[in-house]
Amino acid sequence: MSQVIDSLFATIESRKGGNAPAGSYTASLFAAGENEILKKIGEEAVEVLIAAKGEGDERVIYEMADLIYHSLVLLSARGLQWSDVEAELARRAR
Ligand SMILES: N=c1c2ncn([C@@H]3O[C@H](COP(=O)(O)OP(=O)(O)OP(=O)(O)O)[C@@H](O)[C@H]3O)c2ncn1[C@@H]1O[C@H](COP(=O)(O)O)[C@@H](O)[C@H]1O
């Protein structure tokens, strides 16, 4: 599972710096800036809540995937790594 996130994060990183393929949504988010990324995270978080309160597990999974993707874009925009989050989770493990 971690491989899926590692691979997605690497793709997100590759969309930085002007070498993204035409039509890249990730590149458009980087171009729009951190406030826009934060806005998307807020929207996606609300969509997870709405799905969990009444739309069923399939929608929860779908919206959570959107939330995780946008969270990875935020990490990348801030120069952070997915491995930073993994390290924090590992630190908490008991
Ligand atoms: N995992 C994602 C991913 N998850 C969500 N999104 C986009 O996030 C946006 C979510 O927007 P909204 O919530 O407003 O929802 P929407 O437009 O109504 O669409 P829904 O997703 O809700 O159906 C949509 O445009 C989705 O396509 C993603 N866009 C890209 N990726 C991955 O990122 C990588 C790079 O993609 P590009 O930058 O587009 O090349 C690829 O591996 C993609 O699979």
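Mentor: A nonpolar core is a set of buried Ala, Val, Leu, Ile, Met, Phe, Trp, Tyr and Cys residues joined through side-chain atoms within 4.5 Å, where buried means under 20% relative accessible area with a 1.4 Å probe and protein chains only. This is a predicted model, in which local features need pLDDT of at least 70 and side-chain atom pairs count only at pLDDT 80 or more, while totals for chains, interfaces and linings use all residues. Residues are numbered from 1 along each chain as its sequence is written, and side-chain values use heavy atoms, with hydrogens and water left out.

Trainee: Which residues have the most contacts inside the largest nonpolar core?

Mentor: In soluble globular proteins, nonpolar side chains tend to be buried together. Here the largest nonpolar core has 15 residues, and Ile 12, Ile 37, Leu 72, Val 73 and Trp 82 are those with the most contacts inside it. At least two residues of this core come from each of helix 1, helix 2 (25-32), helix 3 (34-54) and helix 4, a helix being a DSSP run of H or I with at least four residues, numbered from the N terminus. Helix 4 gives the most to this core, namely 6 residues.

Trainee: At what angle do helix 1 and helix 4 cross?

Mentor: Axes are lines fitted to C-alpha atoms, for helices over the stretch in contact, and angles run from 0 to 180 degrees between N-to-C directions. The axes of helix 1 (residues 2-14) and helix 4 (residues 57-77) cross at roughly 50° and come within 10 Å. Angles under 35 degrees count as roughly parallel, over 145 as roughly antiparallel, 65 to 115 as roughly perpendicular and the rest as oblique, and helix 1 and helix 4 are therefore oblique to each other.

Trainee: Which residues does Leu 72 contact, leaving aside its neighbours within four places in sequence?

Mentor: Contact means heavy atoms within 4.5 Å. With those neighbours set aside, Leu 72 is in contact with Ile 5, Leu 8, Phe 9, Ile 12 and Trp 82.

Trainee: Where does Leu 67 lie, and which residues does Leu 67 touch, not counting those up to four places away in sequence?

Mentor: Leu 67 lies in helix 4, and, with that exclusion, Leu 67 touches Ile 41, Glu 44, Ala 45 and Val 48. The C-alpha atoms of Leu 67 and Glu 44 are separated by 5.1 Å, although these residues are 23 residues apart along the chain.

Trainee: Which residues of helix 2 and helix 3 meet?

Mentor: Tyr 25, Leu 29 and Ala 32 in helix 2 meet Glu 36, Ile 37 and Lys 40 in helix 3.

How values were computed: Buried means under 20% relative accessible area, exposed over 50%, partly exposed in between (1.4 Å probe, protein chains only).
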